[in-house]
Amino acid sequence: MTKRGGAIVCVATVLAVCGALAFVDPSCSLWPFHCPFKLLTGLQCPGCGLQRALHALLRGDVVSAARYNLFLLYAIPYLLAVIVSDVMPRGRRQMRWQALVGNRYVVWFYIISFFAWLIVRNILHI
């Protein structure tokens, strides 16, 4: 599969999942996945509440999305920048985007903040 074909499959999958989450409330249905980390440890991982937060965001309820998973709102701009830099055609613009999202300090910042969120949300029971 070419890079463009892979990108099309990725975008189609994301749109399908977002479409399903927009119409089905994960807190009231049986089909969503349950967090294996929470099932094993009883602690919330940084991704716990992600499905409910995405459902709230897709419905336009930013406040509820922040209550379900605050880290998601923090990470979405970076994730979108990574996707845009990967899909962009080769050239100067793509090099600028990759310099931003591929910068090791930015990557390490998000990795450290991910694990800090794991600790903070379990200490404060967020």
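Predicted model: local features only at pLDDT ≥ 70, side-chain atom pairs only at ≥ 80, totals over all residues.
Residues are numbered from 1 along each chain as its sequence is written, and side-chain values use heavy atoms, with hydrogens and water left out.

I return to the pair. Contact means heavy atoms within 4.5 Å. From α5, residues 70-87, the contact with α7 takes Leu70, Phe71, Tyr74, Ala75 and Tyr78. The classes are as follows: Ala, Val, Leu, Ile, Met, Phe, Trp, Tyr, Cys and Pro count as nonpolar, Asp, Glu, Lys and Arg as charged, and the others, Gly among them, as polar.

Is Tyr78 buried or exposed? Tyr78 is buried, with a relative accessible area of 15%; buried means under 20%, exposed over 50% and partly exposed in between, with a 1.4 Å probe and protein chains only. Not counting residues up to four places away in sequence, Tyr78 touches Val101, Val106, Val107 and Tyr110. Tyr78 and Val107 are 29 residues apart in sequence, and their C-alpha atoms are 9.4 Å apart in space.

Val87 also lies in α5. At 47% relative accessibility, Val87 counts as partly exposed. Val87 is 79 residues from Ile8 in sequence, with a C-alpha to C-alpha separation of 9.3 Å.

The next pair is α3 with α5. Helix α3 covers residues 50-58, and the two pack at an angle of about 70° with axes 10 Å apart. They are therefore roughly perpendicular to each other. The contact is made by Leu50, Ala53, Leu54 and Leu57 of α3 and by Leu72, Leu73 and Ile76 of α5. By class, it has seven nonpolar residues, no polar and no charged.

Which residues of α3 are buried? They are Ala53, His55 and Ala56. Seen down the axis of α3, the buried residues fall within an arc of 160°, so they line one face of the helix; the arc is that of the directions from the helix axis to the C-beta atoms. After α3 comes Gly60, whose phi is positive, near 85°.

Turning to α2, residues 36-41, we find Lys38. Lys38 counts as partly exposed, at 38% relative accessibility. Leaving aside residues up to four places away in sequence, Lys38 touches Leu43, Gln44 and Cys48.

Finally, the chain as a whole. It has seven helices and zero strands, where helices (H or I, at least four residues) and strands (E, at least two) are DSSP runs, numbered from the N terminus. Of its 126 residues, 24% are buried. Among contacts between residues at least 6 apart in sequence, 48% join residues at least 24 apart.

Key:
Axes fitted to C-alpha atoms, helices over the stretch in contact; angles between N-to-C directions. Parallel < 35°, antiparallel > 145°, perpendicular 65-115°, else oblique.
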